[in-house]
Each structure stands twice: as C-alpha cells, then as structure tokens.
Protein chains: 2
Amino acid sequence: MPAARSLDALLEGLAARRPRAVGRAISLVEDGGEDQRELVREIYPRTGRARVIGITGPPGAGKSTLVDRLARVLRGRGETVGILAVDPTSPYTGGALLGDRIRMQGLYTDPGVFIRSMATRGAMGGLAPATRDAADVLDAAGFDWVLIETVGVGQDEVDVVRSVDTVLVVTLPGLGDDIQAIKAGILEIADVFVINKSDREGADRTVRDLQGMLELDPHPRAWTPPIQKTVASLGQGVEELVGAIERHQAWLRDSGELALRRRACLRLRVEAILKQRVLAAADSGLGLEQEIERAFATKSDPYAAAERLLAGAAEVVLGTSARRSVS
Amino acid sequence: MPAARSLDALLEGLAARRPRAVGRAISLVEDGGEDQRELVREIYPRTGRARVIGITGPPGAGKSTLVDRLARVLRGRGETVGILAVDPTSPYTGGALLGDRIRMQGLYTDPGVFIRSMATRGAMGGLAPATRDAADVLDAAGFDWVLIETVGVGQDEVDVVRSVDTVLVVTLPGLGDDIQAIKAGILEIADVFVINKSDREGADRTVRDLQGMLELDPHPRAWTPPIQKTVASLGQGVEELVGAIERHQAWLRDSGELALRRRACLRLRVEAILKQRVLAAADSGLGLEQEIERAFATKSDPYAAAERLLAGAAEVVLGTSARRSVS
C-alpha cells in the first residue's frame, strides 16, 4: 500500500489534473491489489460528474480517428477530455491500433487531453474493473469527458462498454448482414450508431439496414438510437455526432435513466470484482493450479473441485476479515 | 435432489442410451443446482471416451448444415453422434438458427443421433458449465462423437468452444479483413479452418488470406491448422474434413497434447463454476441486489461493496460446509 503521504500527494496531483499524477493513478489501478482498492476508495466520492462515453466497433471502422475528432470538437469548446484505449489481446489487431495511436499524436501535446492505452489483462479478468477504475481517475481529476475506445471482442470488453453512460457503435458502409449479426450483442447496447467512412459506396444502404434491424427489434426501447453518418478523417458529421451524444445525455437525465444505468454499471463492476476475488482467494487457499492438477489426476469432477476451492477461498476471506477486525 | 431411485433409473437409461433419459439428464444440468452436481459426480468417471468437437463461426457460414453433413458421414461408418447447439441470446439471429434446426429434421429420426439446443442462460453465466456438462452426459451415454455448434459471440460461448478437443472455425468466401479481425480471439483457438460455401467466388483468396494470417502469427504453433474447403449443402469436402479432424485427434494423442488440453478445459470449467458459485453465495448472503442498492444510495465504492458481499458469501459457504460435515 502506498504510504499515506504518497497517496495524499497523488490525490493532490489528481485534483490539480497533473498528467504525471493521472498516469500514476491509472498505473496503480492497472496493477491491482490493495493500492487499487485504496485509491478507488479515496476518489470514488469525487466521481459522477464526467460524461463517460464508450466507442466500440470492428477494427477498420475508424474508431481512433473518430475519437481524435470528437476530442478536437470538445476541446474547441474549452472542455477537457480523457481518452482510454482498450487494446485487444490479439496480435493480429495490435499493430493496427498502434498505428492509430500514432495518428493521434497531435492531441498528445494538449494539456486538456489525457490519452492512455489500457493493457489487456490475463486470465484473472482484471481488464474491465481496471478500465472502469481508470475512468473514475479521469472523472475525479476533473475531465469533463471520458472516451473509452474498445474493439468490443470478448466479455471483458463488452463489460467495459456496458459500464458507460452513452455507447457509440461505429460501423462502416458495406459490412453485410453477417457482420451485423455477429455483433448482435453489441448492437443491442448501442445508444448512438455511427456510420463512419460514409463517403464510401453503400452508406445509405447501411443506414437502411440498421433502421430495419431497429424496427425488427422485439424489445421496445425507451430511446431510439439515432444513426449518424461521419467521415472522421475529414471531420464531417462530427459536430452533429456530438449533438446526438448530448441529446442522449439529456434524455438520460430527464428520464431518470441515468441513475438506473449507473446502478446497473455498479452491479457489473461489483460482480466482476467478486469473480476476480474468488479466483484470487481460491488460489491463495488450496492453490488453483495444484487443485486442478489433483482433480485431473484423480478424475475428480469439476463441481467437487470447485467446492473444495470455494471452501478454501472462504477460509482465506474470513481469515483476512478476522485479522482485519483485530488490527 | 432426485430420489436415489430416480437417479439410478436415469443412469441406467443413460447407459442404454435411451433418448428420453439423455434428454432428461441434459435438462437436469441446464436447471443447475444440486441435481446438476450430483448427476455430473455420477457420470464424470464414465467420460473421456467421446471425441468432443466445437464448431464455431459467424451466422450465415452454414455451421448447422455442416454439422448435419458431418453427422451423416460419421453415421455412415456406424458411429454415434450427439449434437449440442448453443443458441445466442440475440433475437436477431434466433430466427435463422431455428430455420437451421428445421433443416436437420432428417437426423431426428435416427436413434444413433441425439440433437439438443442448449438454452442461453442469464446473468449467472451458467451456459458454458451446462453445455460442457451436457457433453459429459452424451459422452457417458456412449456417443462416439459430440459436436458442439456455437456462434462464438461472448465469453460464455468462447469458453464453451475452448473446452473441447478439436475446434473447427467455419468461415465463408468474401468475408474481408474486418470480419477476420473481429474474430481474432476465435482464430487463435482454431484447430481446423473450414471455408464453407467454397463454390462462391473468392474461396481461394480466403484460403490465401487465412494462410497469410497463420504465417503472421507470432506465437509458434505445435499444430498448424489445416484449411479445408467445403460446400456443406452438397456434401462436398465433408469426408476430407472428417479426415482433417481425425488427423488432429491423432496428433493430440501422439503428442501428449490431449491430456494438457483436457486439464486446461477442467480448469476453465472449475473457474466458471467458482465464479457462478460466488455470485450465488453472495446473493444468499447479503443479497446482491440489496447490497448494490445500498452501495449506490450511500455512494460506497465497488471494492467496498464487493468486500462485504465476499465476506457474506464466505460465511454462507462455510456455514454450508459445517452443516455438511455434521450430517
């Protein structure tokens, strides 16, 4: 745990929105453990002011360029912007995103903008909690907007995108029914659709396809996601997109949906932490790898193995709590 | 828990591969709870003989038709086949899969084939464990092959597909770089690539694209996934595909990889059960919804809320264990 004095210095740096303090705080939440928990405990009461926007869509849709342009429009009004880029684990797409990062260099020199790539975490499922905590860091540091960009592959990333106020789903003309269908889980959480690169052929057809899908949706929606065409590389449609985002934000507040959504986000975050903690506790109890090894060797069924690990985890948790209440 | 006599009758029915017993056993594992655990405990020692194959790919790739044809080829050799279809939650694709199901009707009347759609489970993440348990049911009932078909959207389905012996990734000509990239997490776990509908234009280009991606893969693979072209609707390439699957199975056995893979599957299963159990225990402790409500109202940070829920869950778990060791 950081010494009380260094935590105080960090919080002071955050309050002054000093880039080094913001960067260090995000590193702390990425590293996990007691420091993560202590920092979040301190900053959490100061969160809730920023508008947190998730931007998702397939690689090649131009998300990074769009985020860059959104940030410039918002900066042009004097508002501050924190950007979190969640890189996928895959080596296939890692390179492309790195390229995108480089294209955004112009923004790096602006003190009203903070850009950070979140490292993808391994088996323990820490990516979603760490990214949401990093958004809290930016929120507590006083950034007016937090933009979280993710490819939206895998449960971890879907969890990230579900724990924001407004979800932008970015697509591009000419993606057929197949790609729409594969992203079904993402389409359902869209608050605003963006058809980027809309100077390409087929943009209007893609608009019609999306409208058709929305009309077919059997679940009635209180908010009908608008469809905004953009050409991010030329800045076209980006002002209008900011307008669509703001209309969604206004609707969230006026309808009372914002509180419901933030409570649902809190639940997602708590569940993710619980899952992560039970694996960690099981590991420091019987040892995950050892118990799996033993179960495999003795052909013990997975429920029996989970039962033993859970009991071991419970003892670790209560042992810790007992020691804590003494100290 | 089913009365001892009804469990015995069920196990006897399974041993005789009676369809009603198989169906009832799968319903038990879908329903979850103590019955699921007890049944798996009984059948687990009799599993490990079946070849478990996962078939994944985007909607429209023709997976169901391919599964149908694979089953027919295997039946032609006198081997028995169990099929599990994991339907996605999405209403957009639900209809299409239902259509696929109807096309498979011919197989329904064959006693050497058992077909079952797995219902997608809600928030508690029970789909992957239930599907893997259902594969155990089919394995214990003596089916030579278990084919698990899934769209591969979301962590749940990826977990299902990761816990098999051989993973078939089905794609079709003309899907560009974008769709390949979005499925990056799936591509990495492919043991055999299938390019279905390969009578369409662009099949050879898709083969070259896949080969190129495999060559770019920075992680050296002990097994290089073969790429098989098929036209499932005409039965073309299906015999060859069975050959490719069998070569992979032989490699698994000869290289010692089968045991490693099955241990990794066991770990995935145990982790999924642990996550599911901690949420259930937290819920029967403090109550998940109530604790979230309280945390939201008092602006308690998510780590503090998770901590309280975890302590409550631990007490529930140890309370249960204590009662058990007495009885």
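The structure is a predicted model, in which local features need pLDDT of at least 70, side-chain atom pairs count only at pLDDT 80 or more, and totals for chains, interfaces and linings use all residues. Residues are numbered from 1 along each chain as its sequence is written, while chains are lettered from A and ligands numbered from 1 in the order in which they are written.

**Sheet of chain B**

- Chain B holds an open sheet of seven strands in the order 3-2-4-1-5-6-7, with parallel pairing. Strands (E, at least two residues) and helices (H or I, at least four residues) are DSSP runs, numbered from the N terminus, and two strands pair if DSSP finds at least two bridges between them.
- Strand 3 (113-118) and strand 7 (227-229) of chain B are at the edges with a single partner strand each, so one side of each has no neighbour in the sheet.
- From one strand to the next, the twist averages 20°.
- Strand 6 (residues 192-195) of chain B runs parallel to strand 7 of chain B and is joined to it by three bridges. Ile195(B) stands opposite Lys229(B) in strand 7 of chain B.
- Helix 11 (residues 203-216) of chain B packs on the sheet and touches strand 5 (166-171), strand 6 and strand 7 of chain B. The direction of helix 11 makes about 170° with that of strand 7 of chain B.

- The axes of helix 13 (residues 257-285) of chain A and helix 14 (residues 288-298) of chain B come within 10 Å and cross at roughly 120°. Axes are lines fitted to C-alpha atoms, for helices over the stretch in contact, and angles run from 0 to 180 degrees between N-to-C directions.
- That angle makes helix 13 of chain A oblique to helix 14 of chain B; angles under 35 degrees count as roughly parallel, over 145 as roughly antiparallel, 65 to 115 as roughly perpendicular and the rest as oblique.

**Single residues**

- Arg17(A) is not a glycine, yet has a positive phi of about 55°. Arg17(A) lies in the loop between helix 1 (4-15) and helix 2 (19-31) of chain A.
- Phi of Arg17(B) is also positive, near 50°.
- Leu7(A), in helix 1 of chain A, is 28 residues from Asp35(A) in sequence and 9.2 Å from it in space, C-alpha to C-alpha.

How values were computed: Two residues are in contact if their C-beta atoms, placed from the backbone, lie within 7 Å.
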